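User: I've got a new structure to look at, and I'd like to go through it one question at a time.

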Amino acid sequence: MASSAQLSSILFLSLLALLSLFVIPAYSSSRRALDDHQATAKKTGFRVTLHHVDHGRNLTKLERLQRGIKRGKHRLQRLNALVLAAKSDSPSSTVVETPVRSGNGEFLMKLSIGTPPNAFSAILDTGSDLIWTQCLPCETCFDQPTPIFDPKKSSSYSKLSCSSQLCAALPQSTCSDGCEYFYAYGDYSSTQGVLASETFTFGDDDDDKVSVDGIGFGCGGDNEGDGFNQGAGLVGLGRGPLSLVSQLDEPKFSYCLTSMDDTKTSSLLMGSLASVNTTSSGVKVTTPLIKNPSQPSFYYLSLEGISVGDTLLPIGKDTFALQEDGSGGLIIDSGTTITYLEKKGFDAVKEEFINQIKLPVDKSGSQGLDLCFNLPKGSTTVDVPKLAFHFKNDAVLELPPENYILSDSDLGVLCLALGASSGMSIFGNIQQQNLLVVHDLSEETLSFVPTQCNQL
């Protein structure tokens with residue numbers, strides 16, 4: 001016969017078992033719902049339409065390029081400032097500076113937020129991490145083309161605590177009414193608000209849409225500057241923990257950018273769609289992704305050489321190398337229009353194009369590019385040398401002329417869509433036209449697949 005102590009023990013264990021029937025399934029169901037959403041996004045993947053920020057404007061290709069160059073120069077300055085700020089950081093420093101993000105971009109993506117979903121467009125940025133949109137009530141908000149998100153009208157909105165992992169990942173935060181963030185951008189734009197969690201919906205067609213719960217984002221109630229008014233915020237696709245890529249735990253994504261003067265839209269492809277089969281007849285080029293500990297969000301590539309025509313330029317391999325202090329190197333970026341090369345490398349490219357293109361150099365500088373030629377009157381076609389980038393692992397990317405040469409017969413000019421930089425180099429989106437650019441973070445590689453992006 002059981003003792004009173006044994007009976008008490010049996011009764012206690014029975015009570016725990018009974019409680020578990022009610023407590024554990026409730027937690028598991030909630031956890032499973034989030035896992036199922038993320039598994040759905042990961043299993044099926046999704047496609048998002050991208051619009052160029054100048055889409056729909058009545059502009060010539062050269063005018064579009066010039067507008068992009070103006071934005072790109074500001075972005076280059078911000079990215080360089082970001083690297084220099086990280087380089088100058090030291091434990092002994094007593095000066096506290098606000099981190100400056102790259103910001104802006106050249107493409108807008110469509111998505112929805114909340115329950116019920118509210119559609120909006122946000123700038124796509126592979127050079128930063130934070131996802132954010134403007135939220136009511138607004139102390140300061142810029143004009144946006146869609147209604148500002150009202151968290152009070154969404155049943156899936158919740159603020160993130162100061163102890164959350166995403167709050168800890170912010171470059172700058174305070175703890176008051178939940179986790180509060182502040183992001184400053186180099187053009188004096190900024191966003192400030194509360195870090196929150198929401199349901200985001202992605203995909204173009206109703207049948208293909210995927211909703212994902214628990215995405216951390218910045219709900220901005222104080223947003224200043226004119227750098228973002230083409231959309232309603234920004235979606236970071238960088239390598240840091242706050243980015244969409246990291247939060248989806250999705251190791252593969254790609255984008256395919258149509259020609260600058262094309263009226264068709266471009267595409268962002270996530271998950272299983274990232275390596276979508278194409279009808280490309282070109283050669284797939286794959287090279288390793290390089291990590292920079294001082295700038296972990298950027299996608300660095302190892303550029304080892306450049307050839308113009310049949311000439312491999314006499315550029316030292318260290319010209320584009322990532323330095324031990326985090327400076328230098330080359331990043332691939334969807335938000336910068338033209339490619340900027342470290343000055344020694346650009347000067348070599350410029351000199352060889354002058355040698356091989358037998359046309360007078362336009363020294364007016366009126367087009368905003370570093371190298372332009374005067375076209376003969378009535379000229380419609382000009383033979384130009386091929387341009388190829390030599391990346392690590394013998395990955396040679398030979399570009400079609402439209403990805404680096406722009407001509408305007410009305411103005412009588414032919415220009416090279418490259419520029420010079422000091423320090424960091426950037427592989428821009430003009431050079432990425434009609435290439436499926438596949439980021440594989442599990443393999444730590446980046447691939448270029450020649451593709452007609454308007455037919456994808």
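Salt bridges and strands

User: What is the relative accessible area of Asp-347?
Analyst: Quick background: this is a predicted model, where local features need pLDDT of at least 70 and side-chain atom pairs count only at pLDDT 80 or more, while totals for chains, interfaces and linings use all residues. Residues are numbered from 1 along each chain as its sequence is written, and side-chain values use heavy atoms, leaving out hydrogens and water. On the scale used here, buried is under 20% relative accessible area, exposed is over 50%, and partly exposed is in between (1.4 Å probe, protein chains only). Asp-347 is partly exposed, and its value is 33%.

User: Which residue forms a salt bridge with Asp-347?
Analyst: A salt bridge here is a side-chain nitrogen of Lys or Arg within 4 Å of a carboxyl oxygen of Asp or Glu. With the closest N and O atoms 2.8 Å apart, the partner is Lys-343.

User: How many residues apart in sequence are the parts that Lys-252 and Asp-440 tie together?
Analyst: These two form a salt bridge, with the closest N and O atoms 3.6 Å apart. Lys-252 is partly exposed at 25%, whereas Asp-440 is buried at 10%. Lys-252 lies in strand β12 and Asp-440 in strand β27, so the parts they tie together are separated by 188 residues.

User: How many residues of strand β16 are buried?
Analyst: β16 covers residues 303-308. It's largely enclosed by the rest of the structure, because the buried count, out of six, is five.

User: Which residue in β21 stands opposite Ile-306?
Analyst: Strands in a sheet pair through backbone hydrogen bonds, either parallel or antiparallel. Here, two strands pair if DSSP finds at least two bridges between them. β16 and β21 (residues 387-391) run antiparallel and are joined by five bridges. Opposite Ile-306 you'll find Phe-389.

User: Which residue in the turn between β16 and β17 has a positive phi?
Analyst: β17 (residues 311-312) pairs with β16 in the antiparallel sense over two bridges, and Val-308 has Thr-311 as its bridge partner. The two strands make a hairpin with two residues between them. The one with a positive phi, about 65°, is Gly-309.

How values were computed
Helix = DSSP H or I, 4+ residues; strand = E, 2+ residues; numbered from the N terminus.
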